[in-house]
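Subject: Salt bridges in the attached model

Hello,

Here is the structure for you to look over. My notes on its salt bridges follow.

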Amino acid sequence: MLKIRMRLDLDTLDINRIARIYENGVALTQGVAATLPSPKPTVASRSDSVTLLVPRNLDAALDITARHLTYTDLDLTRVGATLAMRGGTAYIDSLRMTAPFGRASIDFAYSTSDTQNIFMKANVRADSLDISRFFDCYRNTLLRMMPYMSNFSGVIDAEADGRIDIFPSMFFNVPSLRAEIGFTGHGFTVRQNKFIRRITRMMLIRHSSPIEIPTFRIRADIHDNLIELYPFDIEFDRYRLSAAGINNFDGDMYYHLGILESPVPFPCLLYTSDAADD
């Protein structure tokens, strides 16, 4: 068994600068044409389906920390992770980072310890994700594409945990995908601009002040080629809404929206369904 242990402590890691230096180096040694995007080959080669194996006799671990990391427009602090290979499995343990709009962590594993049971699994978690700060950080990109998001504010906690099997030919076994996804929203408010105010008038909401949405929780599972959204409630003003549904990977869907409380003194239930062939 070959054992390797390494540790790397960085003060500042500028991915943008590294990418520019690399691109300039390629341009100097191979010409500017080498840095331009080239069309992808359309004909598959034998190497496209070669099994990617992780050595079983390697026990390696690399601990990395960075006080500050810059990537595109994103400034991250307190970045750290452990990269490891052990017993035929490659790991990314506790990849953690802090951004101006929240914190995130990722755990990932790719295992070929049994070549007839190759799989990939991951856990992704976001804590205290501030919606308004997130879109402020991408004001020139995301906010231009979705300007209405400037009217929303609130904090989201999210977590996704999943696993999928992989064939030795390196194709995903999609029916094997199993995942659990959860969202929790706190302190959500919707500012009523002119467009939103026209909608809220039709909903018989009397005031024009921001609409407050208390804590809500949303949970969904992926299994057997299905995405299943479990029932959840959202309350605001004089409304209480309930939603749930299911759809498959072919595009067939079946969802319902229940209006349990509203200014109209009786509940109602709306169903929507669609088939991929329709």
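E159 is partly exposed, at 33% relative accessibility (buried is under 20% relative accessible area, exposed over 50%, partly exposed in between; 1.4 Å probe, protein chains only). Its partner is R125: the two side chains form a salt bridge at 2.8 Å, N to O (a side-chain nitrogen of Lys or Arg within 4 Å of a carboxyl oxygen of Asp or Glu). This pair links distant parts of the chain, with E159 in strand 7 (residues 152-166) and R125 in strand 6 (residues 118-130), 34 residues apart. Strands are DSSP runs of E, at least two residues, numbered from the N terminus.

A note on the source: this is a predicted model, where local features need pLDDT of at least 70 and side-chain atom pairs count only at pLDDT 80 or more, while totals for chains, interfaces and linings use all residues. Residues are numbered from 1 along each chain as its sequence is written, and side-chain values use heavy atoms, leaving out hydrogens and water.

R125 also meets D127 in a salt bridge, 2.9 Å from N to O. R125 is partly exposed at 34%. D127 is buried at 18%.

Another pair is R178 with D224, at 3.0 Å, N to O. R178 sits in strand 8 (residues 172-190) and D224 in the loop between strand 10 (216-223) and strand 11 (226-236), so the bridge ties together parts 46 residues apart in sequence. Both are partly exposed: R178 at 37%, D224 at 46%.

In total, the structure holds 11 salt bridges.

Best wishes

Methods:
Helix = DSSP H or I, 4+ residues; strand = E, 2+ residues; numbered from the N terminus.
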